[in-house]
Amino acid sequence: MRYLRAETQYVSFFLLSLFVLLMDQATKYLILNNLRLHEEIPVTSFFNIVYARNTGSAFGMFKELGNPFFIAVALLAIIFVIILLIKDEHNRGGFSLILGGAAGNLADRISHGYVIDFLDIHLGRHHWPAFNVADSALTAGVFLLLLRVVFPLKRSPRRPQD
C-alpha cells in the first residue's frame, strides 16, 4: 500500500511538469503565430511582449557551442532531474518545475533549432534578456531548492514500521 501512495505522489509532480511544458509551448505558439521576429508589444512602462530567438544558453551565452550540444545537455539534465524527483521526496516541487522548464526549452531546440523568448522586462533602455515560461519555471524550481538549503526541513524521528 505504501508503494502505491508514493507512486501517486510521483504522478502529481509529473503532471505539474507536464502543465509547465504545455503552458510554455502554448505561449510560444501564440508568439510564433502572432508576432514577427523582434516585434514588440508594450504592456507596461517596464514590460513588453517580444518575439526573440535564443540559440545559446541563459542570457544567450555560448551560442558557438551549437544546438546539438544544448540538446544533449538538456537530455542529460532531464534524466538527472527525473531521478532526483523520484528519489528526493522533499524537493519534488522544485524538481518538477525544473523538469517542465527543461522539457519546454528542449522542445523548442528540437523543433525550431532555437528557444523562443518573449517576456521582456526593462527599465528605460536597459533590458533584461528576454525569457519565457520555461525559464520562469526553471528559476522558480532552483529558488525552491535553494530555500530548502537555507531553511532545511526539521526531520521528525522515524517511527517503527507497522
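Mentor: We'll go from the overall layout to the sheet, the cores and then a few single residues.

Mentor: A word on ground rules. This is a predicted model, where local features need pLDDT of at least 70 and side-chain atom pairs count only at pLDDT 80 or more, while totals for chains, interfaces and linings use all residues. Residues are numbered from 1 along each chain as its sequence is written, and side-chain values use heavy atoms, with hydrogens and water left out.

Trainee: Okay. How many helices and strands does the protein have?

Mentor: The protein has four helices and four strands. Helices (H or I, at least four residues) and strands (E, at least two) are DSSP runs, numbered from the N terminus.

Trainee: In what order do the elements run?

Mentor: From the N terminus, the order is α-β-β-α-α-β-β-α.

Trainee: What about the sheet? Which order do its strands have?

Mentor: The order is 1-2-3-4, in an open sheet with antiparallel pairing. Two strands pair if DSSP finds at least two bridges between them.

Trainee: Which are the edge strands?

Mentor: Strand 1 (40-42) and strand 4 (126-127). Each pairs on one side only.

Trainee: And how many bridges join strand 2 to strand 3?

Mentor: Six, and the two strands run antiparallel. Asparagine 48 stands opposite aspartate 120 in strand 3. Asparagine 54 faces valine 115 in that strand.

Trainee: What joins strand 1 to strand 2?

Mentor: A hairpin, through four residues. Three bridges link this antiparallel pair. Proline 42 has asparagine 48 in strand 2 as its bridge partner.

Trainee: Now the other end. How many bridges join strand 3 to strand 4?

Mentor: Two bridges, again with the strands antiparallel. Histidine 122 stands opposite histidine 127 in strand 4. This hairpin has two residues between its strands, and glycine 124 takes a positive phi near 65 degrees there.

Trainee: Are strand 2 and strand 3 mostly covered or mostly open?

Mentor: Mostly covered. In strand 2, seven of the eight residues are buried. In strand 3, seven of the nine are. Buried means under 20% relative accessible area, exposed over 50%, and partly exposed in between, using a 1.4 Å probe and protein chains only.

Trainee: What lies across strand 2 and strand 3?

Mentor: Helix 3 (residues 92-112) does, running at about 125 degrees to strand 3. Axes here are lines fitted to C-alpha atoms, for helices over the stretch in contact (heavy atoms within 4.5 Å). Angles run from 0 to 180 degrees between N-to-C directions.

Trainee: Switching to the inside. What makes up the largest nonpolar core?

Mentor: It has 11 residues, among them Ile71, Val81, Phe95, Ile98 and Leu145. Helix 2 (67-87) and helix 3 each supply at least two residues of this core. A nonpolar core is a set of buried Ala, Val, Leu, Ile, Met, Phe, Trp, Tyr and Cys residues joined through side-chain atoms within 4.5 Å.

Mentor: Apart from it lies another core, of 10 residues, including Leu35, Tyr51, Ile116 and Phe118.

Trainee: Back to isoleucine 98. Which residues does isoleucine 98 touch?

Mentor: Leaving out residues up to four places away in sequence, isoleucine 98 touches Val81, Ala137, Leu138, Gly141, Val142 and Leu145.

Trainee: How much of the whole protein counts as buried?

Mentor: Of the 162 residues, 33%. Among contacts with a separation of 6 or more, 65% come from residues 24 or more positions apart.

Trainee: Is phenylalanine 70 buried or exposed?

Mentor: Buried, at a relative accessible area of 10%. Phenylalanine 69 is partly exposed, at 39%.

Trainee: Last one. Where is histidine 38?

Mentor: Histidine 38 sits in the loop between helix 1 (2-34) and strand 1. Histidine 38 is exposed, with a relative accessible area of 58%. Still, histidine 38 touches Val50 and Tyr51, not counting residues up to four places away in sequence.
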